[in-house]
Amino acid sequence: MSGMTERALSFGSVAAAYERFRPGYPAELVEKVLDYAGAPVADALEIGAGTGKMTRLFAARGIAVTATDPDPAMLAELRKHVSAEIRQGALEDLRPDQQYGLVYSASALHWTDPSGRWPRIAALLAPGGVFASFGGPVEPADPAVRKAIEDAQAPFLESAQLPSPDGTPPENELQWPGTELERSELFADVRQVVVQQRLTLSADDLVGLFSTVSAYLILPISVREQVFQRIRRALPDTIELVSDHTAHLARRC
């Protein structure tokens, strides 16, 4: 099993914690997608739905969402919180037996196989249908707190962040997956928008959030516990977080 595959399949062991500690998505993201679509969206397919943090926002707008995820534990948790059609499977397992007006992925697209990613997604979209991807790091607003966390985990973990899948540098105006979408002949009208979100968490809840991050989950349990203890001791009682969400939108040609 590759390192990326191991990380991609690590979340089911902490599905309940994922639901409890992971922040939800701002409803403004849904508004951005529907405004971009320019017409009513009847049905949608979600790639990597997890526990349904984004599923519930689109379903609340009356859209018939088919939520997919390769992890049965994550889908079991999703069923507790939202009513949606559910299919177990990764993007690579899905068959284009139906085409949707919207295909989207929230903090999960980077786990899909880059080989054939865009033809697979295009095959699931109706002509003119919309693709949307949402992502972005959650990190302390205070640089001193960020450094304290980095120093605490440094003996065991260099960084919990994943690099850009296509190597796009962070200072580039257009970020991944917009970079790949612009290069694809299958999509047009690529846009990148940012929705700002600010959160305040207790130190314990921030450690709970870290307990759902793949970089920590693949550490041996004894090491993971030691890392979390070191991080917890380095944190103030409450932490302001920056959780800005970058949405990439495109239309199937």
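1. In strand β9, leucine 241 is the bridge partner of proline 140. Strands here are DSSP runs of E with at least two residues, helices are runs of H or I with at least four residues, and both are numbered from the N terminus. β6 and β9 (residues 238-242) run antiparallel and are joined by two bridges; two strands pair if DSSP finds at least two bridges between them.

2. The model is predicted: local features need pLDDT of at least 70 and side-chain atom pairs pLDDT 80 or more, while totals for chains, interfaces and linings use all residues. Residues are numbered from 1 along each chain as its sequence is written, and side-chain values use heavy atoms, without hydrogens and water.

3. The open sheet has three strands in the order β6-β9-β8, paired antiparallel. Its edge strands, β6 (139-140) and β8 (198-202), each pair on one side only.

4. The largest nonpolar core has 23 residues, and Leu206, Phe210 and Ile239 are among those with the most contacts inside it. Such a core is a set of buried Ala, Val, Leu, Ile, Met, Phe, Trp, Tyr and Cys residues joined through side-chain atoms within 4.5 Å; buried means under 20% relative accessible area, with a 1.4 Å probe and protein chains only. Helix α9 gives the largest share, five residues.

5. Glutamate 19 lies in helix α2 (residues 15-21) and is buried, at 12% relative accessible area. The side chains of glutamate 19 and threonine 51 make a polar contact of 2.8 Å.

Conventions: Buried < 20%, exposed > 50% of the residue type's maximum accessible area, 1.4 Å probe, protein only. Polar contact = N/O pair within 3.5 Å; in protein donor to acceptor, adjacent residues only side chain to side chain.
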